Amino acid sequence: MGNETAQVEQRIRRYWYVDGFGELVGGGGMCLILALYFSAEQYYAENTLIGGILQAGLVLVLIGGMILARRLIAVLKIRVTYPRTGFVEYRMDRRNRIFMSVLSFAAAGILAAGIVFVVRRFDFIDAMVAMTGLVMGAILILKQAWSTKVARFYFLSAFSLILGSALSVSGFARGYNLALFYGLMGIAFGISGGLTLARYLRENPMSTVAGNGG
Amino acid sequence: MGDELRGLADLDRIIHEPARLLIVTILSTVESADFLFLQREAGLTKGNLSAHLGKLEEAGYVEIKKTFKGKLPLTVCKLTKAGSKALTLYRQQMARFIDSTG
């Protein structure tokens with residue numbers, strides 16, 4: 001019985017990702033914003049006004065981007081997903097959230113320590129982009145793939161790890177390296193989300209009969 | 001064995017019905033869900049789901065509200081505290097019965 005409940009829970013958690021908007025807007029959008037940010041930051045010298053503003057504004061870019069992405073996902077789900085396959089309001093499981101956050105931070109910490117170790121031994125890699133790839137890959141595995149069992153997150157996670165490692169030895173300037181990483185990850189998220197959305201729309205055409213009566 | 005069988009007779013019949021058990025189980029994992037989502041998840045027809053939700057609402061296990069999300073009209077269902085308690089009790093009773101007979 002407990003097992004069946006767990007299966008229902010997992011199916012309902014997976015429902016959030018059924019339309020691909022999370023990847024398309026949350027992943028793809030955020031990554032492309034960061035790609036633009038890092039290339040602009042690299043382009044403008046540190047001592048110029050725009051360069052200074054950009055350097056100080058990363059947190060604002062991140063928070064603003066996340067708020068914007070959340071709002072956009074909510075609007076898209078209201079227009080596209082809920083009329084087709086229904087609405088769910090998820091319960092905030094605080095204990096589980098705290099556990100997953102602690103686990104993610106611990107994994108990120110271990111990875112960062114590993115990177116520092118590698119960098120000290122082999123000075124030819126760009127540690128920042130390698131770490132970014134590893135942390136994003138680990139978070140994708142722990143927070144998305146593991147808890148929802150959505151297979152495409154394993155691929156995205158592997159892509160992040162490979163991309164981060166490959167770019168770390170590419171020899172580009174750090175800003176462009178990070179811009180390239182986020183740009184390519186954004187495209188990967190976009191393709192994944194786009195394909196998921198296309199399949200979802202094909203499989204769930206809008207019903208002409210109002211489906212939400214009770 | 002006799003006591004366990006008598007325990008089975010005490011099961012909450014509102015929840016014991018398979019379709020209603022599924023509805024209550026789905027609602028126990030979320031804050032709320034709308035009619036369309038429940039219909040798809042439970043694999044029930046509109047009329048069937050309406051009838052089961054009516055019985056659950058009558059028993060005070062489910063709360064049903066008509067609301068809007070943006071401009072989209074929704075019939076949102078939520079498990080009440082009484083519904084949550086009833087499901088927990090039902091699970092305990094079933095677990096006890098399975099343990100004693102298995």
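A salt bridge here is a side-chain nitrogen of Lys or Arg within 4 Å of a carboxyl oxygen of Asp or Glu. With that cut-off, two salt bridges are counted between chain A and chain B. In a salt bridge between the two chains, the side chains of E41(B) and R11(A) meet at 2.8 Å, N to O.

Before going further, please keep in mind that this is a predicted model, where local features need pLDDT of at least 70 and side-chain atom pairs count only at pLDDT 80 or more, while totals for chains, interfaces and linings use all residues. Residues are numbered from 1 along each chain as its sequence is written, chains are lettered from A in the order in which they are written, and side-chain values use heavy atoms, without hydrogens and water.

**The interface**

The size of an interface is often given as the accessible area lost when the parts come together. The table gives that area (1.4 Å probe, summed over both parts) along with the contacts (heavy atoms within 4.5 Å).

| Chain A with chain B | Value |
|---|---|
| Residues of chain A in contact | 24 residues |
| Residues of chain B in contact | 29 residues |
| Buried area | about 2,400 Å² |
| Share of buried area from carbon and sulfur atoms | 59% |

Seven residue pairs are in polar contact between chain A and chain B, both residues at pLDDT 80 or more. A polar contact is a pair of N or O atoms within 3.5 Å; within protein, one must be able to donate a hydrogen and the other to accept it, and residues adjacent in sequence count only if both atoms are side-chain atoms. On the side of chain A that touches chain B, the largest share, six residues, comes from α1(A).

**Chain B and its helix α5**

Chain B has six helices and three strands, taken as DSSP runs (helices H or I, at least four residues; strands E, at least two) numbered from the N terminus. Of its 102 residues, 44% count as buried, that is, under 20% relative accessible area, with exposed meaning over 50% and partly exposed in between (1.4 Å probe, protein chains only).

In α5(B), the buried residues are L49(B), H52(B), L53(B) and L56(B). They lie on the same side of α5(B) because they cover an arc of only 100° around the axis, judged by the directions from the helix axis to the C-beta atoms. The face turned away from this buried side carries the exposed residues G47(B) and E58(B). After α5(B) comes G60(B), with a positive phi near 80°.

Notes: Buried area = accessible area lost by both parts, 1.4 Å probe.
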